[in-house]
Amino acid sequence: MQAFDYHRPSSLAAAVALRAGAADGTYLAGGMTLLPTLKQRLAAPSDVIDLGGLPDLSGITESSGALTIGAMTRHAAVAESDVVLKAIPALARLASLIGDAQVRNRGTIGGSLANSDPAADYPAAAIALGATIVTDRRSIAADDYFKDLFVTALEPGELIRQVSFPIPNRAAYRKFPNPASRYAVVGVFVADVGGQVRVGVTGAGPCAFRATTLEQALAAKLDPSAIGGVAIDHSRFNSDLHASAEYRGALVRAMAKRAVADLLAQG
Ligand SMILES: Cc1cc2nc3c(=O)[nH]c(=O)nc-3n(C[C@H](O)[C@H](O)[C@H](O)COP(=O)(O)OP(=O)(O)OC[C@H]3O[C@@H](n4cnc5c(N)ncnc54)[C@H](O)[C@@H]3O)c2cc1C
């Protein structure tokens, strides 16, 4: 691992200033992606700015019909939070399905969204719920946030502070996990937000996206049977040793059907 300067600022302003002044700096959250990346020499930053000394970045609150989760909040905290379990149980369930116990106790929601792994779980929920990603400089709608493979709307040095999720009437998440890592080969989050059904898909393409054809079918008939006849365009889906693009297309349909059935079972 190449030598770098390590910083542990105690204020958000100091973290942003350190990043702005570094030749090639990077933020450190739980290190679940960053540390393996450094060990494999895939990144060689000049400065690592640890966000662990910023308690204001952690925490979960509910107000005015929205659930707000600080960027440094660990997956385990989301999975076990009474506030999340009451407001958006599907989000708590999603967090409980991430990786293993170690990953859930180190990994953070901000790190997950900043990294935007094509197989990460949170992006499906952010898209389906119409979340807002709040940074040190602006608010970004989830619909405008995920751009491409590991590419987001974040600008260099932009720091995610929190994520705000509108509380849906009902929501459900289903994923087909990679048996080794538990990352989503495909994951589908379905949400009824203010009477509008939104569908977020992860794992299938280079980044999470809204499945508008499924949304249209479900707007006509909110039932798993409505999904059967929808054509899933898999022409730009990922194809790797875990699943072909065509198989991922079949998984989108299967996971969406199961998520809709779960949603309807909530009454
Ligand atoms: C074995 C294993 C299994 C996993 N399985 C799953 C899974 O099933 N589902 C899933 O969704 N994920 C999975 N993950 C990913 C994991 O859940 C973490 O969310 C992810 O690795 C990011 O980790 P982190 O939060 O520790 O961020 P870090 O690794 O510390 O940082 C990741 C990147 O985000 C940047 N960053 C971090 N915080 C911020 C911020 N607040 N603002 C701006 N940039 C920031 C960093 O600079 C870095 O570039 C797995 C990871 C591992 C190692």
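The hairpin of β13 and β14 has 6 residues between its strands, and Gly-203 there takes a positive phi near 85 degrees. Strands, like helices, are DSSP runs numbered from the N terminus: a strand is a run of E with at least two residues, and a helix is a run of H or I with at least four. The model is predicted, so local features need pLDDT of at least 70 and side-chain atom pairs count only at pLDDT 80 or more, while totals for chains, interfaces and linings use all residues. Residues are numbered from 1 along each chain as its sequence is written, and side-chain values use heavy atoms, with hydrogens and water left out.

Strand β14 covers residues 209-210 and runs antiparallel to β13, joined to it by 2 bridges. Two strands are said to pair if DSSP finds at least two bridges between them. Phe-209 in β14 is the bridge partner of Val-201.

Strand β13 also pairs with β12 (residues 184-193), in the antiparallel sense and over 7 bridges. Here Thr-202 of β13 stands opposite Gly-187. β12 and β13 form a hairpin with 2 residues between them, and Gly-194 in the turn has a positive phi of about 60 degrees.

How enclosed is β13 by the rest of the structure? Of the 7 residues in this strand (196-202), 6 are buried, so β13 is largely enclosed. Buried means under 20% relative accessible area, exposed means over 50%, and partly exposed lies in between, computed with a 1.4 Å probe on protein chains only.

Another part of the structure is an open sheet of 3 strands in the order β1-β3-β2, with parallel pairing. β1 (5-7) and β2 (25-28) stand at the edges with a single partner strand each, so one side of each has no neighbour in the sheet. On average, neighbouring strands of this sheet are turned by 20 degrees against each other, direction ignored. The parallel pairing of β1 with β3 (residues 47-50) has 3 bridges, and Ile-49 in β3 is the bridge partner of His-7.

Helix α1 (residues 12-21) packs on this sheet and touches β1, β2 and β3. Contact means heavy atoms within 4.5 Å. The direction of α1 makes about 150 degrees with that of β2. Axes are lines fitted to C-alpha atoms, for helices over the stretch in contact, and angles run from 0 to 180 degrees between N-to-C directions.

Helix α3 (residues 75-80) contains His-75. This residue is buried, with a relative accessible area of 6%. Not counting residues up to four places away in sequence, His-75 touches several residues, including Ala-95, Ile-98, Val-103 and Tyr-122.
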